[in-house]
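Please keep the sequence and the model in view while reading.

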Amino acid sequence: MSRRPSARYALRVGSLAVALGIWQLLTSLKVDLWLRFSQFPTVADVAHAFGDRLSGADYWTDLTDSLTRILTGFLLAAVLGVATGVLVARSRLAEDLLGPLLEVVRPIPAIALVPVAILLFPSNEQGIVFITCTAAFFPVLVSTRHAVRALTPVWEEAVLTMGGGRRRVLASVVLPGALPGIFGGLSVGIGVSWICVISAEMISGQYGVGYRTWQDYTVVNYAGVFVGMVTIGVLGWLTSTAVELLGRRLTRWLPRTSYVPGVRPGAAAPVSPAATKSDTAPSTEEARDEHLV
């Protein structure tokens with residue numbers, strides 16, 4: 001029997017509270033078994049440091065700088081990745097010209113390009129945006145390429161039969177049909193972008209959440225380090241959730257399926273005789289987006 005959304009939210013909040021309670025207990029008692037919790041700040045210490053940061057201007061400056069870098073690099077990667085993925089998937093010439101180069105560069109970690117960015121760009125800011133863009137570019141490219149190649153040829157042939165040209169096929173078949181795969185790549189790309197932008201800020205940045213976290217580590221301010229980690233986690237969760245919700249809104253025309261415990265995939269879920277249409281409609285909408293909250 002499935003739980004109500006309110007019960008699921010309560011369970012999630014409760015699991016987080018239990019994790020924080022275990023953290024507070026282990027650090028306050030300075031437990032040292034195999035793991036050394038005596039070196040960790042307590043939850044109360046982190047909360048106190050977080051409150052101090054919120055009242056200062058530097059925290060908001062760091063937040064603004066990191067968000068500006070991540071959004072600029074990610075948007076560039078989204079445009080370039082989708083365009084390149086569609087081009088490579090639809091054109092043999094483009095695949096022959098760009099494919100080998102992309103496959104050679106793709107395994108290189110984006111953070112390993114920091115020396116290249118320092119040498120190539122006149123400012124650290126542009127270099128960090130370049131690294132962020134590179135990190136998100138390849139997940140978007142690969143997902144778009146696979147999504148376009150997986151489209152059934154029947155749709156394209158139908159458009160061509162009715163007199164549509166290449167632009168019509170692209171706008172009516174390729175892009176709408178590949179949207180689920182594209183947003184899958186965007187979801188992966190935004191997470192990888194956060195990893196790389198924080199690492200780049202630690203190495204060569206001026207201001208930013210990663211830069212401040214590294215500075216706290218160098219002065220042995222471990223509570224400040226955890227403030228940075230919490231900030232990075234919350235920002236990453238918010239941005240990835242925004243991408244997921246946008247993808248769901250743009251693909252509302254797709255059929256949705258919800259997981260029901262005890263029911264095999266493809267089988268109809270058991271419905272109570274007392275259930276009415278008005279009762280089932282809201283639950284379908286809630287099941288669609290509740291896991292994103």
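## Helix packing

A crossing is called left-handed if the near helix is turned anticlockwise from the far one by less than a right angle, and right-handed if clockwise. The model is predicted, and local features need pLDDT of at least 70, side-chain atom pairs count only at pLDDT 80 or more, and totals for chains, interfaces and linings use all residues. Residues are numbered from 1 along each chain as its sequence is written, and side-chain values use heavy atoms, with hydrogens and water left out.

Helices here are DSSP runs (H or I, at least four residues), numbered from the N terminus. Two packed helices are described by the angle between their axes and the distance between the axes. For α3 and helix α10 (residues 222-250), the axes come within 12 Å and cross at roughly 40°, where axes are lines fitted to C-alpha atoms over the stretch in contact and angles run from 0 to 180 degrees between N-to-C directions. The crossing of α3 with α10 is right-handed. In contact terms (heavy atoms within 4.5 Å), Tyr59, Leu63, Leu67 and Phe74 of α3 meet Val227, Thr231, Leu235 and Val243 of α10. The residues of this contact comprise seven nonpolar, one polar and no charged, with Ala, Val, Leu, Ile, Met, Phe, Trp, Tyr, Cys and Pro counted as nonpolar, Asp, Glu, Lys and Arg as charged, and the others, Gly among them, as polar.

## Two buried residues

Val82 belongs to helix α3 (residues 57-90) and is buried, with a relative accessible area of 19%; buried means under 20%, exposed over 50%, and partly exposed in between (1.4 Å probe, protein chains only). Leaving aside residues up to four places away in sequence, Val82 touches Ala77, Val140, Thr144 and Ile182. The C-alpha atoms of Val82 and Gly185 are 9.4 Å apart, although 103 residues separate them along the chain.

Asp216, in helix α9 (residues 209-218), counts as buried because its relative accessibility is 7%.

## Aromatic pairs

Rings of Phe, Tyr and Trp (its six-membered ring) pair if their centres lie within 6.5 Å; planes under 30 degrees apart count as stacked, over 60 as edge-to-face and the rest as tilted. The whole structure holds nine aromatic pairs. One of them, Phe37 with Phe40, is edge-to-face, at 6.1 Å centre to centre and 65° between the planes. Ring pairs also link Trp23, Phe37, Phe40 and Phe226 into a cluster.
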